[in-house]
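Subject: Structure handover

Hi,

Here is the structure for you to look over. My notes come after it.

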Amino acid sequence: MTLYRLSDLTWEEFGALDLDRTVAILPVGATEAHGPHLPLDTDVIIAEAMAEAGARRLSARGLETVLLDGLRYTPAAFAANFPGTIDIGTATFTALVVDIAASLGRAGIATLAIANAHFDPAHVETLRAAAAAVGEGDAIRVVFPDVTRRPWGSRLTEEFRSGACHAGQYEGSIVLARSPGCVRMEIMRELEDNPVSLSAAIGAGLGDFAEAGGTRAYFGYPSQATAEEGRATIETLGDILAEAVSAALEEEKES
């Protein structure tokens, strides 16, 4: 089986796919501040790495896979006060994801998998709502392995599990593995640790990165990022995506 990119196909090539055995994969990330050392599209870089790794695994299991262009404008309220961040409304984003799924369903795609790498709470809730809105009566199922929840999140790095993981070791490592030229290395290696748990700050009702203790829009241990860790994490993310899709397909067979 083959991994395709939707933007590279003609409409006739797309229509010639075995659509019942084709999984479309949508990478989702934000354009938002990621410290003084990582690019604004860090989440998109990570989501696309996850999508490609998952697609390779699904292709090896006999499925066709089609990679969609990544969504890079999302709800990003926590970083909205930092220049360069694009923050869109939750209703707008929900409608966009639902409409993408509906279009793919009309074309005959049976499964849409979401590879998400942005964890603003409003954004994650929006993705959950969008996945739920594509219900049993629709022609397409949506698979969203939410790594902010068990069991998926427990398989990721210690820093990720701590909640202190925005533009830190976890994300910096993946960008080093995927797009090393985008990392401002001299700045990253000199950044002090910021062990504040962003997830705990969110739970406490704080409203943005600065209030939570991230005045430079990073949390965690950026100076400890390595490409080796990033490559291993990308493989884990690929496993998570492929396993979630395979489980959904098995459940469909049994129902």
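Below are the notes on the fold, the cores, the aromatic pairs and the salt bridges.

This is a predicted model: local features need pLDDT of at least 70, side-chain atom pairs count only at pLDDT 80 or more, and totals for chains, interfaces and linings use all residues. Residues are numbered from 1 along each chain as its sequence is written, and side-chain values use heavy atoms, with hydrogens and water left out.

Overall shape

The protein chain has 10 helices and 5 strands. These are DSSP runs, numbered from the N terminus: helices are H or I with at least four residues, strands are E with at least two. The radius of gyration is 18 Å, close to the 18 Å that the globule rule gives for 255 residues, so the chain is as compact as a globular protein of that length. That radius is taken over C-alpha atoms, and the globule rule is 2.2 Å times the number of residues to the power 0.38. The C-alpha trace spans about 50 × 35 × 35 Å along its principal axes.

Buried residues make up 53% of the 255. Buried means under 20% relative accessible area, exposed over 50%, and partly exposed in between (1.4 Å probe, protein chains only). The chain exposes about 11300 Å², and carbon and sulfur atoms supply 50% of that. Areas come from the Shrake-Rupley method with a 1.4 Å probe; for residues, only the protein chains shown count as cover.

Among contacts with a separation of 6 or more, 78% join residues 24 or more positions apart. A contact means heavy atoms within 4.5 Å.

Cores

The largest nonpolar core has 32 residues. Such a core is a set of buried Ala, Val, Leu, Ile, Met, Phe, Trp, Tyr and Cys residues joined through side-chain atoms within 4.5 Å. Val23, Ile25, Leu58, Leu156, Tyr170, Leu237 and Val245 have the most contacts inside it. At least two residues each come from β2 (22-28), α2 (42-60), β4 (111-116), α6 (169-178) and α10 (227-254). Helix α10 gives the most, with 9 residues.

Leaving aside residues up to four places away in sequence, Val245 touches Val23, Leu58, Thr111, Ala113 and Val143. Apart from this core lies another, of 24 residues; Phe93, Ala101, Leu104 and Ile114 are among them.

Aromatic pairs

The count comes to 5 aromatic pairs. Rings of Phe, Tyr and Trp (its six-membered ring) pair if their centres lie within 6.5 Å; planes under 30 degrees apart are stacked, over 60 edge-to-face, and the rest tilted.

Phe78 and Phe209 make a tilted pair, 6.2 Å centre to centre with 55° between the planes. Phe78 sits in the loop between β3 (64-67) and α3, Phe209 in helix α9 (residues 209-212), 131 residues apart. Both are buried. Phe209 also pairs with Phe219, edge-to-face, at 5.8 Å and 65°. Phe219 is in the loop between α9 and α10, 10 residues from Phe209. Relative accessibility is 3% for Phe209 and 0% for Phe219. Phe78, Phe82, Phe209 and Phe219 form one aromatic cluster.

Salt bridges

There are 10 salt bridges. The rule asks for a side-chain nitrogen of Lys or Arg within 4 Å of a carboxyl oxygen of Asp or Glu.

Which parts does the bridge between Arg72 and Asp41 tie together? Arg72 lies in the loop between β3 and α3, and Asp41 in the loop between β2 and α2, 31 residues apart in sequence. Their closest N and O atoms are 3.8 Å apart. Both ends are partly exposed: Arg72 at 28%, Asp41 at 26%.

Glu52 and Arg178 meet at 2.9 Å, N to O. Glu52 is in helix α2 and Arg178 in helix α6, so the pair ties together parts 126 residues apart in sequence. Glu52 is buried at 14%, while Arg178 is partly exposed at 31%.

Asp146 bridges to Arg149, with the closest N and O atoms 4.0 Å apart. Asp146 is buried at 9%; Arg149 is partly exposed at 47%. Finally, Arg56, Arg57, Glu235 and Asp239 are linked in a network of salt bridges.

Best wishes
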